[in-house]
Amino acid sequence: MSEPFRIRTRIDLDADGKQFGTLDVPHSSNESAWGALRVPIVVIKHGRGSTLLCTGGNHGDEYEGPIAIARLIRELDPAAVQGRLILLPSLNLPAARIARAWSPSNAPCSQNTSIQRACGAQASSIGPVTRST
Ligand SMILES: [Zn+2]
């Protein structure tokens, strides 16, 4: 039986305000069998309400989403929100750092590999939170 796919974050998804952090996606490499791929995350929350998940940069050479989400992060006052925004500006940060569609290792970040599982797992783990708010 395989272990469940677990993503960790130090961010309290229920706390009001603007929080910056990472999703730590399990990732084995030659450097560390127990490593993690870090995906930037910002949560902006104020009071109770619905949750909106915004993602960008599934491919590292797609700039519009990360730029729009970064602008939202800089400019949005949490007091203007009723509910929660979960913002993932760069799903494929290793690829974005080299301005290429695919991750340099082609293992942790490319389509149909762990980052998509990560996003799927994150979305499903956020689901119960969104339904409860
Ligand atoms: Zn794409």
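Trainee: How many bridges join strand 1 to strand 2, and do they run parallel or antiparallel?

Mentor: First, the terms. Strands are DSSP runs of E with at least two residues, helices are runs of H or I with at least four, and both are numbered from the N terminus. Two strands pair if DSSP finds at least two bridges between them. Here 11 bridges join strand 1 to strand 2, and the two run antiparallel. As one example, Gly 21 has Ile 41 in strand 2 as its bridge partner.

Trainee: What should I know about the numbering and the model?

Mentor: Residues are numbered from 1 along each chain as its sequence is written. The model is predicted: local features need pLDDT of at least 70, side-chain atom pairs count only at pLDDT 80 or more, and totals for chains, interfaces and linings use all residues.

Trainee: Which elements does the protein chain have, and in what order do they run?

Mentor: The chain has three helices and four strands. From the N terminus on, they run β-β-β-α-β-α-α.

Trainee: What is the strand order in the sheet?

Mentor: The four strands form an open sheet with the order 1-2-4-3 and mixed pairing. On average, neighbouring strands are turned by 25° against each other, direction ignored. That angle is between lines fitted to C-alpha atoms; in general such angles run from 0 to 180 degrees between N-to-C directions, and helix axes are fitted over the stretch in contact.

Trainee: Which strands pair with strand 4, and in what sense?

Mentor: Strand 2 (residues 35–46) pairs with strand 4 in the antiparallel sense over five bridges.

Trainee: How many residues of strand 4 are buried?

Mentor: Count C-beta atoms, placed from the backbone: a residue is buried with 20 or more others within 10 Å of its own, exposed with 12 or fewer, and partly exposed in between. Strand 4 (residues 83–88) has five of its six residues buried. Across the 133 residues of the chain, 27% count as buried.

Trainee: Is His 27 buried or exposed?

Mentor: His 27 lies in strand 1 (residues 17–27). It counts as buried because it has 20 C-beta neighbours inside 10 Å. Its C-alpha atom is separated by 5.8 Å from that of Leu 37, 10 residues apart along the chain.

Trainee: Which residues touch the most other members of the largest nonpolar core?

Mentor: A nonpolar core is a set of buried Ala, Val, Leu, Ile, Met, Phe, Trp, Tyr and Cys residues joined through C-beta atoms within 7 Å. The largest here has 17 residues, and Val 39, Ile 41, Val 42, Val 43, Ile 86, Leu 87 and Leu 88 touch the most other members. Strand 1, strand 2, strand 4 and helix 2 (93–97) each give two or more residues. Strand 2 gives the most, with six.

Trainee: Which elements have the lowest and the highest mean pLDDT?

Mentor: pLDDT is the predictor's confidence in each residue, from 0 to 100. Helix 3 has the lowest mean (40) and strand 4 the highest (98). The chain averages 81, and 77% of the residues score at least 70. Over residues 107–116, pLDDT stays under 50. Over residues 118–133, pLDDT also stays under 50.

Key:
Two residues are in contact if their C-beta atoms, placed from the backbone, lie within 7 Å.
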